[in-house]
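Here is a short note to read beside the structure. Please keep the 3D view open as you go through the points.

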Amino acid sequence: MLKVEHIGIAVKDLESSNMLFQTLFNSAHYKIESVDSEHVNTSFFKVGDTKIELLEATNPDSAIARFIEKRGEGIHHIAYEVADIQAEMERLSREGFTLLNDKPKKGADNKLVCFLHPKSTNGVLIELCQEITSDV
């Protein structure tokens, strides 16, 4: 794992949350994107070298909607940049971590992603991210 790529925050309302975080960070979001496969709308902020991803459910049955219903708004996951997501998935699987994906899938912000089950990471949902390039 190379660095923290972003911190994901589950929110009920992306528009009002964008205004809140814009005030907090004194900076506007730089990107809004829908990820239909995950039933979320996302918004990205840059704070120093760290990105913050706000996640709003677009479907009441989505993982984000269930998370908010169970735990309320707040930190949803921590994402780490990796150089080779497939190799990292294989390594972590061998080490006994439970992967939520069999293979990487396309996520927001031009990334391939895979999640680790929080039961195998002391209750923290971990996302692995690799930038999509033409040779991936």
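1. Start with the sheet. In this predicted model, eight strands form an open sheet in the order β2-β3-β4-β1-β5-β8-β7-β6. The pairing is mixed. The edge strands are β2 (31-35) and β6 (105-106), and each pairs on one side only.

2. Now look at strand β1, residues 3-11. On one side, six bridges join β1 to β4 (residues 50-57), and these two strands run parallel. Two partners to find: V11 bridges to E56 in β4, and A10 bridges to L55 in β4.

3. Strand β1 also pairs with β5 (residues 74-81). Here seven bridges join the two strands, which run antiparallel. Find K3: its bridge partner in β5 is E81. As background, strands of a sheet pair through backbone hydrogen bonds, either parallel or antiparallel.

4. Next, the aromatic rings. The whole structure holds four aromatic pairs. One of them is F21 with F45: the ring centres are 6.4 Å apart and the planes meet at 45°, so the pair is tilted. F21 sits in helix α1 and F45 in strand β3, so this pair ties together parts that are 24 residues apart in sequence.

5. F45 also pairs with F25. Their ring centres are 5.5 Å apart and their planes stand at 65°, so this pair is edge-to-face. F25 belongs to helix α1 and F45 to strand β3, 20 residues apart.

6. F45 has a relative accessible area of 1%. F25, at 23% relative accessibility, counts as partly exposed.

Methods:
Residues are numbered from 1 along each chain as its sequence is written. This is a predicted model: local features need pLDDT of at least 70, side-chain atom pairs count only at pLDDT 80 or more; totals for chains, interfaces and linings use all residues. Side-chain values use heavy atoms; hydrogens and water are left out. Two strands pair if DSSP finds at least two bridges between them. Helices (H or I, at least four residues) and strands (E, at least two) are DSSP runs, numbered from the N terminus. Rings of Phe, Tyr and Trp (its six-membered ring) pair if their centres lie within 6.5 Å; planes under 30 degrees apart count as stacked, over 60 as edge-to-face and the rest as tilted. Buried means under 20% relative accessible area, exposed over 50%, partly exposed in between (1.4 Å probe, protein chains only).
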